[in-house]
Amino acid sequence: MTDDYLSRIGKLIRDARQHRGWTQSQLAEALGTSQSAVNRIERGNQNISLEMIARIGEALDSEIVSLGYAGPMHLRVVGGRRLSGAIDVKTSKNACVALLCATLLNAGRTTLRRVARIEEVYRILEVLGSIGVRTRWLNDGNDLEIVPPAELDLDSMDTEAARRTRSVIMFLGPLLHRMDRFRIPYAGGCDLGTRTVQPHMTALRPFGLEVTATDGMYHARVDRSVSPTRAIVLTERGDTVTENALLAAARHDGVTVIRNASSNYMVQDLCFFLEELGVKVEGVGTTTLTVHGVTHIDRDVDYAPSEDPVEAMSLLAAAVVTESELTIRRVPVEFLEIELAILEEMGLDHERSAEYAADNGRTRLIDLTVRPSKLQAPIDKIHPMPFPGVNIDNVPFFAAIAAAAQGSTLIHDWVYDNRAIYLTELNRLGAHVKLLDPHRVLVEGPTRWRSAEMMCPPALRPAVVVLLAMMAAPGTSVLRNVYVINRGYEDLAERLNSIGAQIETFRDI
């Protein structure tokens, strides 16, 4: 077989395995082979017989033996329908990927509850599996068990999976405690313009980490004689930068103070998890974190990450643009309070339940009922700020909401170089979005939505905003190549269908 055919077959097998919800190790067990062999097959690096293809197809209940190229996934949306009923918010995608990276700190068994079944998580699991970490889904695929090996095999890292996620950058913090020299691929993910990794290097250099970048890889070297002598001041109050600093500090022998730290939801979940590992973290929820490190961690821990405020915001926006009454359950309100205050000023008709605790015992949740509302454009511009301001990832949803409101709304996305540009894709669905510069758009509402066929924007949140607008647009729309949505949302089309949407998943023949 040619390398091209082997690569195609490998991708088909990987897609079928992920659809089944299996890890590479589970497929290997079903076939009576090793996880490393499955990894080579999926990467197209091993010759494979038709008999083995048939066996894999039988194990995964998938007709891989037909050898048809899977191709990209698309969505066909019949819009103009009202949503109704209730829907639960899933656990945080960003918290889950940070926690998976954090399991590299622990020599013991980690069980994570209600893990988001999304492409971003699958990519991290692929990387972990390829370096020797054993993972398996429990309780009908709701929970995930992670058991690290005594020694990691970084030379066998699945670089293709690693390049498809930015989260792999968070391997730096834990790995610097495990080996003196290592390398990881450049981080990938959404197309959001230039996002420097320099803040990560600045945060980790006090722990002795030096990184050079060549040939698509970060080459790391750790000087064990170097340790923080004063507080680490982050040059960017970023979520992953703060998480990387926390991961490095967790196993540092001593007390580390991190200033200008993010206090966002995924950072708080990581702090709560580190406390389960025996690492004391003071100042959770503030911009100064004090970490009392533990040089060796070997604990069997069980942790439930909290719900995703960005998914909650997207469901809220879905109700607004479709003029629906919808109850969104398990909303992490402390990370949506500013957004809800703005929407209240715009005229949103909603009702909140009493607060209750998330499964982590710390995060405050509510059930939120949204009703059809006559919205007015806000007086002030919409712009993100570090927590407790408007969440950076919630800003794009205000574009769809503003398009449904009366008047002009200025949206200033100062964080990302390109993301505001993608919001102009709403114009193809009838919106009036004017690009003022790469960071600012002016949205005129209300909008008379219309159906369209278009490619999915390459950034997660704008892609979902386009999907929500298609749900509001009468007629049939098509959104092509939606991998980026699957990176951040679990079964989004199916779940939206459960509350009244009509969205069909299909592939080209």
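**Figure 1. Arg114 in the loop between β3 and α6 of the predicted model.** In this predicted model, Arg114 belongs to the loop that runs between strand β3 (110-112) and helix α6 (119-130). Its backbone has a phi near 50 degrees, which is a positive value in a residue other than glycine. With a relative accessibility of 29%, Arg114 counts as partly exposed. For context, most residues other than glycine have a negative phi, and most peptide bonds are trans.

**Figure 2. Asn139 in the loop between β4 and β5.** The loop shown here lies between strand β4 (134-138) and strand β5 (143-147), and Asn139 is found in it. Asn139, although not a glycine, takes a positive phi of about 55 degrees. The residue counts as partly exposed because its relative accessibility is 48%, a value that falls between the 20% below which a residue is called buried and the 50% above which it is called exposed.

Figure 3. Leu100 is part of helix α5, which covers residues 93-102, and its relative accessibility of 0% places it among the buried residues. When neighbours within four places in sequence are left aside, Leu100 is in contact with Leu112, Val121, Ile124, Leu125, Leu128, Leu144 and Ile146. Of these partners, Val121, Ile124, Leu125 and Leu128 carry numbers that fall within helix α6 (119-130), while Leu144 and Ile146 fall within strand β5 (143-147). The C-alpha atom of Leu100 is also separated by 9.7 Å from that of Ser167, a residue 67 places away along the chain.

**Figure 4. Helix α3 and the glycine that follows it.** Helix α3 spans residues 35-42, and because six of its eight residues are buried, the helix is largely enclosed by the rest of the structure. The buried positions are Gln35, Ala37, Val38, Asn39, Ile41 and Glu42. In an α-helix there are 3.6 residues a turn, so residues three or four places apart point the same way. Just after α3, Gly44 adopts a positive phi of about 75 degrees.

**Figure 5. Ser314 in helix α12.** Ser314 lies in helix α12, formed by residues 309-321, and is buried, with a relative accessible area of 3%. Neighbours within four places in sequence being left aside, the residues in contact with Ser314 are Phe397, Val464, Leu468 and Tyr489. One of these partners, Phe397, has a number that falls within helix α14 (395-403).

Figure 6. The peptide bond that joins Phe387 and Pro388 is cis, with omega of about 15 degrees, and Pro388 is placed in the loop between strand β17 (364-371) and helix α14 (395-403). A cis peptide bond also joins Gly445 and Pro446, where omega is about 0 degrees. Pro446 is located in the loop between strand β20 (440-445) and strand β21 (453-455).

**Figure 7. Leu426 and its contacts.** Leu426 is situated in the loop between helix α15 (419-422) and strand β19 (432-437), and it counts as buried at a relative accessibility of 1%. Apart from neighbours within four places in sequence, Leu426 is in contact with Ala399, Ala400, Ala431, Val433, Trp449, Val465, Val466 and Ala469. Among these partners, Ala399 and Ala400 have numbers within helix α14 (395-403), and Val433 has a number within strand β19 (432-437). The C-alpha atoms of Leu426 and Val443, which are 17 residues apart along the chain, are separated by 9.9 Å.

**Figure 8. The chain as a whole, as the setting for the close-up views.** The chain contains 18 helices and 23 strands, and its domain assignment gives domain 1 (1-60), domain 2 (73-90 + 307-507) and domain 3 (93-303). The C-alpha centres of domain 1 and domain 2 lie 37 Å apart. A compact globule of 509 residues would have a radius of gyration near 23 Å, and the 23 Å of this chain agrees with that expectation. Along the principal axes, the C-alpha atoms fill a box of roughly 60 × 60 × 40 Å. Buried residues account for 57% of the 509 residues, and of the contacts between residues at least 6 apart in sequence, 74% join residues at least 24 apart. The chain exposes about 20,400 Å², of which carbon and sulfur atoms supply 45%. Its 55 positive and 65 negative side chains form two sets whose centres lie 3 Å apart.

Conventions
Residues are numbered from 1 along each chain as its sequence is written. This is a predicted model: local features need pLDDT of at least 70, side-chain atom pairs count only at pLDDT 80 or more; totals for chains, interfaces and linings use all residues. Side-chain values use heavy atoms; hydrogens and water are left out. Helices (H or I, at least four residues) and strands (E, at least two) are DSSP runs, numbered from the N terminus. The radius of gyration is taken over C-alpha atoms; the globule rule is 2.2 Å times the number of residues to the power 0.38. Buried means under 20% relative accessible area, exposed over 50%, partly exposed in between (1.4 Å probe, protein chains only). Contact means heavy atoms within 4.5 Å. Accessible areas come from the Shrake-Rupley method with a 1.4 Å probe; for residues, only the protein chains shown count as cover. Lys and Arg count as positive and Asp and Glu as negative; His and the chain ends are not counted. The place of a charge is taken as NZ of Lys, CZ of Arg, CG of Asp or CD of Glu. Domain bounds come from an automatic or database domain assignment.
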